[in-house]
Amino acid sequence: MIEIKNLHKSYKMGSNALHVLKGIDFNVDDGELVAIMGSSGSGKSTLLNIIGMLDVADEGEYILDGIPIKNLNETKAANYRNKFLGFIFQSFNLINYKTALENVALPLYYQRMPRKQRQEKAMKYLDQVGLKEWSHHLPSELSGGQKQRVAIARAMVAEPKVLLADELTGALDSTTSYEVMDLIQKINDLGNTILVVTHEVDIAHMCKRIVYLKDGVIIKDEKVKQVKALAHV
Amino acid sequence: MFDIERWQEIFDTIRKNKLRTFLTGLSVASGIFMLVILLGFGQGMQNGIAHEFEQDATTIVEVWPGITSKGYRGLNPGRRIQLRNENYETATALYADKIEYKSPLIFVRNVSVNYGKEALVYGVRGVSYDYQFIDNQKMHEGRFLNYQDEVSTGKVAIIGKKIKQDVFKEVNTPVGEFINISGVLFKIVGVFDENEEREEERIYIPITTAQKVFNGANNIDNISYTLPPVENFDQAVVQAIAFKDNLRTYLQQVHTVAPDDTSAIQVWSALEEAKRYFSLVGNIKFFFWFVGICTIIAGVVGVSNIMLIVVKERTREIGIRKALGAKPWSIVGMILHEAIFITTIFGFTGLIFSMGLLELVGPNIEVDYVLNPSVNFNVALTTVFVLILAGAIAGFFPAWRAASVHTITALRDE
């Protein structure tokens, strides 16, 4: 599903360049649930952003579902993001003046799906994350866990090939985190490919594979025995 | 533009950001409102001044003799100039092709006017029959003086409507009544209507009668001409000035007056006066335009500022939308669409309010030199479109910048 070869990325900070990713080789197969672990500054978020086409690499190859991702302009990137990728952010990134339902339906708007169909589909996904009753509430009326579940529904609604989650439990307490991880595991069990960036060991161990990143290189890449989040709830 | 989904998205945004929308709209609506009101009053002043000048024939040229102010060819200054019939006749003959109506005028002095036992204190003037058209006398009843009255030195008189109202209350109509002017009976043949009240307190008699009966000899006190109408105003002014200068030169020669003596023979042209007023109005209108355009610019700056803040405030939202698959152009389109929609709605609101106010209040304004302030609808419409366009351009740049910011940077915006 994802093939990455010799990926480099550096940021210019004035006259200095900060070399963040120093040659990453990394593959993800269909249906995997991968945690990318590392301390802050290890380059894990940068890697996720490049995979998510929110950022571009300086060097290296990135193939998503057989399509080489290079020379992207914003329009093309927007198209790919919309079709292939679903994002889940630490800070939820819901649009605050839109209801839960409208937030979930937004990716479908950019697929030019008619309003009615859009809302039906969004409702279906909200139902899947257990928030059907909350569909007409604004994000400010939802708890952190509920907000993240809305965000997950929004990431799922366009039926992307890969879900990318950046510290999705970072703003949540541990009980809520496990609830959200349970949802992620269930979604993965349905066959969806999911990448989770985290620095929390317990969250990483709820995935099926952990990639350790340190100072811009992969130091360890191992399959782990998945801990079911449900056990903690 | 006709994308219904986009419209729904914009209505959603507007509905949920009412204050922002209202503030943006207010600066647009007030800009248009001020401009239209200013332009309306500019037009009102022009109408008012045009109206003031319409009351008399605007091509009128009058000659007023006075006292010489400088010596000339051995004659002392301080000499009173007296116009005579032959001056009038010669001047009229000389410039016959340039004249439309003509009339000499004499003020009949030192006479007593009585109606029955009542003494009247109205000015009596001897004029020619053309005077009706020179002074725009509209007849209320009866007729004005005619050629026959003049050649037969008829003892007939025309009175103003105010005199009728004040003196002839007990008779049905003053026409046919007699008034006594210094022992001579004059039959009233007409009552005229004037625009200005003071002009209605006058009695007109034929000039020939005035000269013959009241020792006028062949003296006249004033000569009035009107020039034939010309389509083009500027051309008319040029013609009037040329006529005026010729007439003065002729009269100065006849009366041995220095060519640069301005007080001895004064020739006054209404058109020249009018031109002065019109150029003043032109300047005032220009000033109003200037202020109006400044108002619009202030409106545009206001809209741009708000757009800038709106875009800044929405940076994160733009990032989210882009992460979800919005293309840069759809972001720009969304912001512009919203901006244009709001400016249009509020622009027209301002337009409707201001035009409504002008329509409602305009006709009731009774001030000298301001008449029926109104604004050319096309001009007003154009300004609205200019504002919309300016708002769109002002909104475009921040929108474009926001849309081209890296998604990840936009998402990090707090």
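Predicted model: local features only at pLDDT ≥ 70, side-chain atom pairs only at ≥ 80, totals over all residues.
Two residues are in contact here if their C-beta atoms, placed from the backbone, lie within 7 Å.

Let's begin with confidence. Chain A has a mean pLDDT of 89, and 100% of its residues reach 70 or more. Among its elements, strand E3 (residues 33-37) of chain A has the highest mean pLDDT, 93, while helix H2 (residues 74-84) of chain A has the lowest, 86.

Now look for the sheet. In chain A, 4 strands come together in the order E2-E1-E4-E5, forming an open sheet with antiparallel pairing. Its edges are strand E2 (16-28) and strand E5 (67-68) of chain A, each of which pairs on one side only. Follow E2(A) to its neighbour, strand E1 (residues 2-13) of chain A: these two strands pair in the antiparallel sense over 10 bridges.

Next, turn to a pair of helices. Helix H4 (residues 115-128) of chain A packs against helix H5 (residues 144-157) of chain A at an angle of about 130°, and their axes are 9 Å apart. Angles over 145 degrees count as roughly antiparallel and 65 to 115 as roughly perpendicular, so H4(A) and H5(A) are oblique to each other. The crossing of H4(A) past H5(A) is right-handed.

Which residues meet there? From H4(A) come A:Lys121, A:Ala122, A:Tyr125, A:Leu126 and A:Gln128, and they meet A:Ala153, A:Met156 and A:Val157 of H5(A).

Definitions and conventions:
Residues numbered from 1 in each chain as written. Chains lettered and ligands numbered in written order. Axes fitted to C-alpha atoms, helices over the stretch in contact; angles between N-to-C directions. Parallel < 35°, antiparallel > 145°, perpendicular 65-115°, else oblique. Left-handed = near helix turned anticlockwise from the far one by under 90°. pLDDT = per-residue confidence, 0-100. Pairing = 2+ DSSP bridges.
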